[in-house]
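Work through the exercises below with the coordinates loaded. Each task is followed by a solution in steps.

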Amino acid sequence: MTKIIVELIKYGFFGLITTGFNYILYLGMLTIQVHYVASNIISYVIAVLVSYWFNNRFVFKERNKDQWNKLTKYVFSRTALILVDNALLVAGVEILGYSPKIAKIMITVFLLGVNYLVSKLWIFN
């Protein structure tokens, strides 16, 4: 039980760092007039690479165990999640009328839990 709590704390800590990095990149691209969906994709891809490194090295500590397989699963799961992320982002902005900045925050909070479960149960198990 203690291992899970420590793991959740580490996941939350590094997740906050990665999420903040993702959001800053996203806002920076919006500032220079990059379309909000393109900004989301670019910032997401960069954040996925950073997140994989953090999760592999510090959270789940899986350094020398079939890196290629884990990276493939990680990229596959994050690709599926960016599709969900973008669909929700477009729905939030175009249908519900939220600003791209607010919609991104709401979606990110939701997807953090999904990301943890996928990482824990499928990628770094």
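The model is predicted, so local features need pLDDT of at least 70, side-chain atom pairs count only at pLDDT 80 or more, and totals for chains, interfaces and linings use all residues. Residues are numbered from 1 along each chain as its sequence is written, and side-chain values use heavy atoms, with hydrogens and water left out.

**Exercise 1. Salt bridges**

Solution. 
Step 1. Side chains of opposite charge can pair when their charged atoms come close. The criterion is a side-chain nitrogen of Lys or Arg within 4 Å of a carboxyl oxygen of Asp or Glu.
Step 2. Helices are DSSP runs (H or I, at least four residues), numbered from the N terminus.
Step 3. Classify the partners by relative accessible area: buried is under 20%, exposed is over 50%, and partly exposed is in between (1.4 Å probe, protein chains only). Lys 120 is partly exposed because its value is 26%, while Glu 7 is buried because its value is 7%.
Step 4. Lys 104 and Asp 85 also meet in a salt bridge, at 3.7 Å from N to O. Lys 104 belongs to helix H4 and Asp 85 to helix H3, so this pair ties together parts 19 residues apart in sequence.
Step 5. Lys 104, at 1% relative accessibility, is buried, and Asp 85, at 3%, is buried as well.

**Exercise 2. The crossing of H1 and H4**

Task: describe how helix H1 passes helix H4.

Solution. 
Step 1. Two packed helices are described by the angle between their axes and the distance between the axes. Axes are lines fitted to C-alpha atoms, for helices over the stretch in contact, and angles run from 0 to 180 degrees between N-to-C directions.
Step 2. The axes of H1 (residues 2–31) and H4 come within 11 Å and cross at roughly 145°.
Step 3. On the H1 side the contact includes Glu 7, Tyr 11, Asn 22 and Leu 30, and on the H4 side it includes Lys 104, Ile 105, Leu 112 and Lys 120. Contact means heavy atoms within 4.5 Å.

**Exercise 3. A nonpolar patch**

Task: which residues make the nonpolar surface patch?

Solution. 
Step 1. Patch residues have over 30% relative accessible area and no salt bridge; like charges are joined within 9 Å, and nonpolar side chains (Val, Leu, Ile, Met, Phe, Trp, Tyr) within 5 Å. Areas come from the Shrake-Rupley method with a 1.4 Å probe, and for residues only the protein chains shown count as cover.
Step 2. Ile 95, Leu 96, Tyr 98, Ile 102, Ile 105, Met 106 and Val 109 make a patch of about 700 Å².
Step 3. Helix H4 (residues 100–123) gives the most to this patch, with 4 residues.
Step 4. Leu 96 sits in the loop between helix H3 (67–95) and H4. Its relative accessible area is 59%, so Leu 96 is exposed.

**Exercise 4. Contacts of single residues**

Task: list what Asn 86, Ser 51 and Lys 10 touch, not counting residues up to four places away in sequence.

Solution. 
Step 1. Asn 86 lies in helix H3 and is buried at 12% relative accessibility. The residues that Asn 86 touches are Val 37, Asn 40 and Ile 41.
Step 2. Ser 51 is in helix H2 (residues 36–59) and is buried at 14%. Ser 51 touches Thr 18 and Tyr 74.
Step 3. Lys 10 lies in helix H1 and is partly exposed at 25%. Lys 10 touches Gly 15, Phe 58, Val 59 and Lys 61.

**Exercise 5. A backbone angle**

Task: where does Gln 33 lie, and what is its phi?

Solution. 
Step 1. Gln 33 lies in the loop between H1 and H2, and is exposed with a relative accessible area of 68%.
Step 2. Its phi is near 70°, a positive value in a residue other than glycine.
Step 3. For comparison, most residues other than glycine have a negative phi.

Definitions and conventions:
Helices (H or I, at least four residues) and strands (E, at least two) are DSSP runs, numbered from the N terminus. A crossing is left-handed if the near helix is turned anticlockwise from the far one by less than a right angle, and right-handed if clockwise.
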